Amino acid sequence: VLIAFSLFAQDAHLKFKGVPIDGSLTEFVNKMKSAGFTHIGTQDGMAALQGDFAGYKNCTVAVFTVKPLNIVSMIGVIFQSRDNWADLESDYDFFKEMLTEKYSAPAVVIEEFKRTPQDDNDKIYELRMNRCTWASAFQTELGEIELSIEHQDFQSRVVLRYRDKINTEKVRKQALEDL
């Protein structure tokens, strides 16, 4: 029984919405469509979907693979853009609390500005100028979950990334073979 459990544990993958982060891009997208997401498109080993996640409406979900492996290794959830720091921090704190409840305290927390902002307007400005790091990382036996506040393409938002341990290692090994 111990051997069977050990083999099962080695093959276990981190899950996103109850679906193991594994398989081909097409297989994973089909599972997400069955879970209520709408497929927006696929390009260069990345699929974009849209749907509701953890009580938030119209989230974008990015599913990543690396060629030539075509195995899903990372999922990114991009939440609605926010125009002010208070809303961003509220979203971030909500997810940090929920992730802590599910996975225990984050292994890494970096929540800092390069200079001390005077108010919320200063905080959003510092984020937009790339002078702010607001992130937490949760380690599990099956992979890593990263939560962050980010500014990209003129939009500020909370981003959640799920990295499956087994498939991330396969991607790393493929990269090493390329060197």
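A residue is called buried under 20% relative accessible area, exposed over 50%, and partly exposed in between (1.4 Å probe, protein chains only). By this criterion, buried residues account for 39% of the 179 residues in the protein. The model is predicted, so that local features need pLDDT of at least 70 and side-chain atom pairs count only at pLDDT 80 or more, whereas totals for chains, interfaces and linings use all residues. Residues are numbered from 1 along each chain as its sequence is written, and side-chain values use heavy atoms, with hydrogens and water left out.

The protein contains 5 helices and 10 strands, assigned as DSSP runs (helices H or I, at least four residues; strands E, at least two) and numbered from the N terminus. The C-alpha trace spans about 55 × 40 × 35 Å along its principal axes.

The structure holds 10 salt bridges, defined as a side-chain nitrogen of Lys or Arg within 4 Å of a carboxyl oxygen of Asp or Glu. One of them joins Arg82 and Asp91, with the closest N and O atoms 2.8 Å apart. Arg82 is partly exposed at 25% relative accessibility, while Asp91 is buried, at 6%.

Glu111 pairs with Lys96, the closest N and O atoms again being 2.8 Å apart. This pair links distant parts of the chain, Glu111 in strand β7 (residues 108-113) and Lys96 in helix α3 (residues 85-103), 15 residues apart. Between Glu150 and Arg161 the corresponding distance is 2.7 Å. Arg115, Glu126 and Arg131 are linked in a salt-bridge network.
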